[in-house]
Amino acid sequence: MNSIINDIEIIKSETTKINEVDFDNLAFGSVFSDHMLECNFKDGKWQAPKVIPYQAITLDPSAKIFHYGQSVFEGMKAYKDANEDVWLFRPLENFKRLNISSKRLAIPEVPENYFMDGLKTLLEVDRDWIPKNEGSSLYIRPFVFASGNGFHASPANAYKFIICTAPSGAYFSGKVKVLIEQTYSRSANGGVGYAKAGGNYAGQFYPTQLAVEKGYQQVIWTDDTTHEYIEEAGAMNIFVRINDTLITGPTSDRILDGITRKSIIELAKSEGIEVEVRKLSVHEVVEAAKNGSLKEMFGAGTAAVISPISGFGYKDEDFDIPELDETFAGFLKKRITDIQTNKVEDPFGWRYKL
Ligand SMILES: *Cc1c(COP(=O)(O)O)cnc(C)c1O
């Protein structure tokens with residue numbers, strides 16, 4: 001049955017897959033909800049979005065996404081609390097960053113009401129898909145790509161903005177061992193590293209495969225010129241705790257402005273933890289590991305929230321980070337997820353009720 005919510009047309013799926021899903025054993029991002037939001041850019045403007053049944057997309061083989069990689073994405077989550085109320089976390093930040101990414105890729109920016117009303121309508125329609133089990137959430141993937149045709153290496157004249165959602169369990173389990181990269185780069189000055197551009201991730205796969213072959217799970221990206229400064233951990237921002245100070249690099253062309261990163265900085269400061277946003281050299285981290293002042297390292301991003309690192313490899317040497325009983329990682333992860341899931345007060349105004 002078709003209907004309209006928030007001025008957005010809804011074409012309901014005639015069947016549901018929800019009964020096939022085991023909500024107690026969810027993987028990350030591998031089953032998809034019944035509906036998706038679709039919005040097309042043509043004739044020079046974004047057309048009204050629609051909620052439609054989740055379905056395959058038909059594209060011409062000459063569609064520019066395939067040849068020139070003109071595409072960007074976002075990642076966010078919706079949570080259901082004990083009263084079945086649904087919460088988003090700083091969704092306007094994702095909206096703004098999607099358009100920052102789009103601008104860099106010469107993709108037309110999506111209007112705010114299409115993004116926000118489209119998202120809210122989609123979540124209303126698929127509300128039953130939002131898990132309420134501890135640790136689970138509905139992972140939300142907004143993305144925009146060039147659907148227009150032609151081999152000419154120039155921006156397309158047609159685009160699709162889609163949001164699909166996937167009920168998901170926790171992203172990582174356990175600690176990861178990382179390799180400090182000395183050859184490859186994720187991003188460069190003047191490049192697209194600050195954007196969530198699809199191709200940025202393709203470029204990470206091969207160096208990550210090499211690290212995995214050597215027995216690590218992830219790569220720590222360093223600056224592209226000297227490889228002497230720590231920048232990111234895989235597709236996450238990175239924090240390093242030396243003694244009782246939490247250190248993370250400043251955002252730049254090369255370091256993505258993560259919403260989890262900036263939330264952790266604010267939260268940690270409000271809890272009286274000393275935070276330094278500054279360049280952090282590999283040398284400093286190696287010295288800290290040697291003299292015992294390196295207490296923690298962790299990645300920060302929407303999917304895993306906080307992902308602790310157990311040790312790192314650097315130039316054929318391995319360094320372990322000893323286990324602590326009480327970690328900043330554990331404390332901050334609990335604080336942030338308690339705010340996200342409406343278990344505690346939100347003094348920052350980050351939570352957004354559906
Ligand atoms: C998405 C992403 C992050 C984390 O951003 P969040 O907004 O916290 O999810 C960090 N680094 C890279 C390269 C990313 O793509």
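**Pockets, cavity and domain interface**

Modeller: The lining of the largest pocket has 22 nonpolar, 13 polar and 6 charged residues. This is a predicted model: local features need pLDDT of at least 70, side-chain atom pairs count only at pLDDT 80 or more, and totals for chains, interfaces and linings use all residues. Residues are numbered from 1 along each chain as its sequence is written, and side-chain values use heavy atoms, with hydrogens and water left out.

Colleague: What makes a residue nonpolar, polar or charged here?

Modeller: Ala, Val, Leu, Ile, Met, Phe, Trp, Tyr, Cys and Pro count as nonpolar; Asp, Glu, Lys and Arg count as charged; the others, Gly among them, are polar.

Colleague: What makes a space a pocket, and what makes it a cavity?

Modeller: Both are sets of points on a 1 Å grid over the protein atoms alone. In a cavity a 1.4 Å probe fits but cannot get out. A pocket is open, with protein on both sides within 12 Å along at least five of seven lines. Lining residues have an atom within 4 Å of a point. The whole structure holds 2 cavities of 30 Å³ or more.

Colleague: How much space lies in the largest pocket, and which residues lie nearest its centre?

Modeller: About 900 Å³. That volume is the space filled by probe spheres set on the points, which are joined across faces, edges and corners. Phe73, Tyr139, Arg141, Tyr171 and Ala235 lie nearest the centre, among 41 lining residues.

Colleague: Which residues line the largest cavity?

Modeller: Among them are Met76, Phe89, Ile259 and Gln340. The largest cavity has about 120 Å³ of space. Its lining takes at least three residues from each of domain 1 (2-168) and domain 2 (176-340). Those bounds come from an automatic or database domain assignment.

Colleague: How do you know that the domains touch?

Modeller: Contact means heavy atoms within 4.5 Å. By that rule 19 residues of domain 1 meet 22 residues of domain 2. The two bury about 1800 Å² between them, 59% of it on carbon and sulfur atoms. Buried area is the accessible area (1.4 Å probe) lost on putting two parts together, summed over both.

Colleague: Why is the link between glutamate 93 and lysine 262 called a salt bridge?

Modeller: The rule asks for a side-chain nitrogen of Lys or Arg within 4 Å of a carboxyl oxygen of Asp or Glu. Here the closest N and O atoms are 2.9 Å apart, so the pair qualifies.
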